[in-house]
Amino acid sequence: MARFVAIDVETANARRASICQIGLVVFENRRIVDEWTTLINPEDEFNVINVGIHGIGQKAVQSAPTLPEVFIEIQKRVAGACVASYGDFDRGAFSQAAIRYNLPAIEGQWLDLQHVVRGAWPEEFGTGGWALKKVCAHLGIDLENHHDALADARAAGHVFVKAQLTTDTWARDWTGLQSVAIAGESRVKPEKPAPLVPNSAGPLAGTRIVFTGELSVPRGVAEARAASLGCQCTSSVSKKTDFVVVGDQDLSLVGEDGMSTKQRKAMQLKEAGAQIKIMDATEFEAFLRRHGQM
């Protein structure tokens, strides 16, 4: 498979289904052969934080199509291809939007390019620091107009091409595999990121935080920001938990009340007297800003 499609979305708020811009860049034999982008009317409110990131507001999308109206344009470009996104946010956005609008899943094999970056350059990015802007700067890839969906998709695609050239691979070598080819060596699994170590000097040192659901940033980014404040990121809720951050939930995985197991347990413990602060994604972003992490 010498063809792949780099994809990026922007959202109106912390709900991943609130897609307000899509950028697609089609690569064949490591060269761009097609680009497509459109604003999307998310039929949802715009959060000031998101607007501040990408500059798209309610007025900009008033005459824009909804996702169902352009879905066929997306499908005909990605059908049967490797669909490459920088992080899992974009895939989660389409998954949530598909549930919301009762649309079929995007056809194609999804690939998280952050894993590719860690596998292709383990010494530089094997344990962290793989933000798109930083990786592009390291590789000499232009990233103009960051947080424009088309610009980010194009840059992410060029990162993937560089990874293929560095490791002597093609897109097909990275899809559907638990291992990757590294510069002529036998196939090995990408290195797992080192466990986050809480900042012992941070203002929230000694506290514990749990995340559930999809956030407006990749989970790893959110955890890293919390750890820099001193929070210990844990995978389960207990009486020792101090904070629980609740993002968008996959409705196919939660109960009739729309809550995940973690959120439900946190609420039960809180009702029983536990001092647990439950925040949604927007409140978490405000929480980070108060402590200088946004």
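This is a predicted model: local features need pLDDT of at least 70, side-chain atom pairs count only at pLDDT 80 or more; totals for chains, interfaces and linings use all residues.
**Ground rules.** I number residues from 1 along each chain as its sequence is written, and I keep local features only at pLDDT of at least 70 and side-chain atom pairs only at pLDDT 80 or more, while totals for chains, interfaces and linings use all residues. Side-chain values use heavy atoms, with hydrogens and water left out.

**Entry: salt bridges.** I looked for a side-chain nitrogen of Lys or Arg within 4 Å of a carboxyl oxygen of Asp or Glu. The search returned eight salt bridges. Side chains of opposite charge can pair when their charged atoms come close.

I took R3 and E28 to begin with. Their side chains form a salt bridge at 3.4 Å, N to O. R3 sits in strand β1 (residues 3–11) and E28 in strand β2 (residues 19–28). The two are 25 residues apart, so I noted a link between distant parts of the chain. For elements I used DSSP runs numbered from the N terminus: helices are H or I of at least four residues, strands are E of at least two.

Next I checked cover. I call a residue buried under 20% relative accessible area, exposed over 50%, and partly exposed in between (1.4 Å probe, protein chains only). R3 is partly exposed at 24%. E28 is partly exposed too, at 35%.

Then I turned to D44 and R15. This salt bridge spans 3.0 Å, N to O. D44 is in the loop between β3 (31–39) and α1 (48–54), and R15 is in the loop between β1 and β2, so the pair ties together parts 29 residues apart in sequence. D44 has a relative accessible area of 21%, which means partly exposed. R15 is partly exposed at 34%.

**Entry: helix α2.** E73 and K76 meet in a salt bridge of 3.2 Å, N to O. Both lie in helix α2 (residues 67–78), three residues apart, about one turn of the helix. E73 is partly exposed at 26%, whereas K76 is exposed at 54%.

**Entry: positive patch.** Which residues form the positive surface patch? I list K270, K277, R289 and R290. My patch rule takes residues with over 30% relative accessible area and no salt bridge, joining like charges within 9 Å. R289 belongs to helix α10 (residues 281–290). R289 is partly exposed, with 43% relative accessible area.

**Entry: cysteines.** How many disulfides does the whole structure hold? I found zero, taking a disulfide as a pair of cysteine sulfur atoms within 2.5 Å. C233 is in no disulfide, and its nearest cysteine sulfur, that of C231, is 6.8 Å away. C233 is partly exposed at 25%. C20 is buried, at 0% relative accessible area.

Entry: Most residues other than glycine have a negative phi. N102 lies in the loop between α3 (89–101) and β5 (109–112). N102 is exposed at 72%. Where does D168 lie? I placed D168 in the loop between α7 (149–167) and β6 (208–212). D168 is exposed, with a relative accessible area of 68%.

Note on methods
Patches are made of residues with over 30% relative accessible area and no salt bridge: like charges are joined within 9 Å, nonpolar side chains (Val, Leu, Ile, Met, Phe, Trp, Tyr) within 5 Å. Accessible areas come from the Shrake-Rupley method with a 1.4 Å probe; for residues, only the protein chains shown count as cover. Lys and Arg count as positive and Asp and Glu as negative; His and the chain ends are not counted. The place of a charge is taken as NZ of Lys, CZ of Arg, CG of Asp or CD of Glu.
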